[in-house]
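Keep the 3D view open as you read.

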Amino acid sequence: MKTEEQFSAEKVLKYLLIGSQVDGVKFGSDSGTTILNFSNYSCKEESDFVLSIETTWNLYPKPTDYPSCEEEVPNLTEKEQFQHIWSMRREKVVKVELGNQSPHLIIHLESNKVLFVNGHDPNYECWQLEEEWMSGDWLVVAAPGDEVAVWCLDGFEVF
């Protein structure tokens, strides 16, 4: 992942997620997809945002050394995933960052818990954050091969 791409993606992710909270969940058509809704009731943006996760993820009780690849992330059952989601419901996001080598999504919550989403896959998108109604104004994608792609509202300064 190039430094410029990481910087741009982190800037957009911070703008959209800091101050928001996990406010809903939808399980995808198979056990490999989880969709989290983030709402910001201070209305920084008029839309809620949806994080579609199509890879492994985990909720850590505190900041830690994070996995470097999907195989190092514990494989959670749907019940364990739901328990993690329930335990972080309505918690505000206080910090967002990406991994240095791969676009692992690392979301710090006000309780000190950390949501880690794997961002490394040579062939597939691991996660994406977009507006709930998919207007196309905001989209951040962990692309195949440790790349990250960003689309943002016209006029938003990414650098």
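**A strand covered on both faces**

Start with strand S4 (residues 57-60), which is covered on both faces: Trp57 and Leu59 on one side, and Asn58 and Tyr60 on the other, are all buried. Buried here means under 20% relative accessible area, with exposed being over 50% and partly exposed in between (1.4 Å probe, protein chains only). Strands (E, at least two residues) and helices (H or I, at least four) are DSSP runs, numbered from the N terminus.

A word on the source: this is a predicted model, in which local features need pLDDT of at least 70 and side-chain atom pairs count only at pLDDT 80 or more, while totals for chains, interfaces and linings use all residues. Residues are numbered from 1 along each chain as its sequence is written, and side-chain values use heavy atoms, with hydrogens and water left out.

S4 pairs with strand S7 (residues 114-117) in the antiparallel sense over four bridges; two strands count as paired if DSSP finds at least two bridges between them. If you look for the partner of Asn58 in S7, you will find Phe116. The two strands belong to an open, antiparallel sheet of four, in the order S4-S7-S6-S5. S4 and strand S5 (93-98) stand at the edges with a single partner strand each, so one side of each has no neighbour in the sheet. From one strand to the next, the twist averages 15 degrees. Helix H1 packs on this sheet, touching S5 and S6, and its direction makes about 165 degrees with that of S5. Such angles run from 0 to 180 degrees between N-to-C directions, with axes fitted as lines to C-alpha atoms, for helices over the stretch in contact. Helix H2 packs on the sheet too, touching S4, S6 and S7.

Now turn to the other open sheet, in which six antiparallel strands follow the order S1-S2-S3-S8-S9-S10. Its edges are S1 and strand S10 (147-151), each with a single partner strand, so one side of each is left without a neighbour in the sheet. Here the twist averages 20 degrees from strand to strand. Five bridges join S10 to strand S9 (residues 139-143), and Val140 has Val150 as its bridge partner in S10. H1 packs on this sheet as well, where it touches S2, S3, S8, S9 and S10. H2 touches S1 and S2, with its direction at about 160 degrees to that of S1.

Which residues of helix H2 (residues 78-88) are buried? They are Gln81, Ile85 and Met88. These residues lie on the same side of H2 because they cover an arc of only 70 degrees around the axis, taken from the directions from the helix axis to the C-beta atoms. Among the elements covering them are S1, S2, S4, S6 and S7.

Finally, look inside. The largest nonpolar core has 31 residues, and those with the most contacts inside it include Leu13, Met88 and Leu105. H1 (residues 3-17) gives the most to this core, with five residues. A nonpolar core is a set of buried Ala, Val, Leu, Ile, Met, Phe, Trp, Tyr and Cys residues joined through side-chain atoms within 4.5 Å. Beyond its neighbours within four places in sequence, Leu105 is in contact (heavy atoms within 4.5 Å) with residues including Leu13, Leu51 and Trp127.
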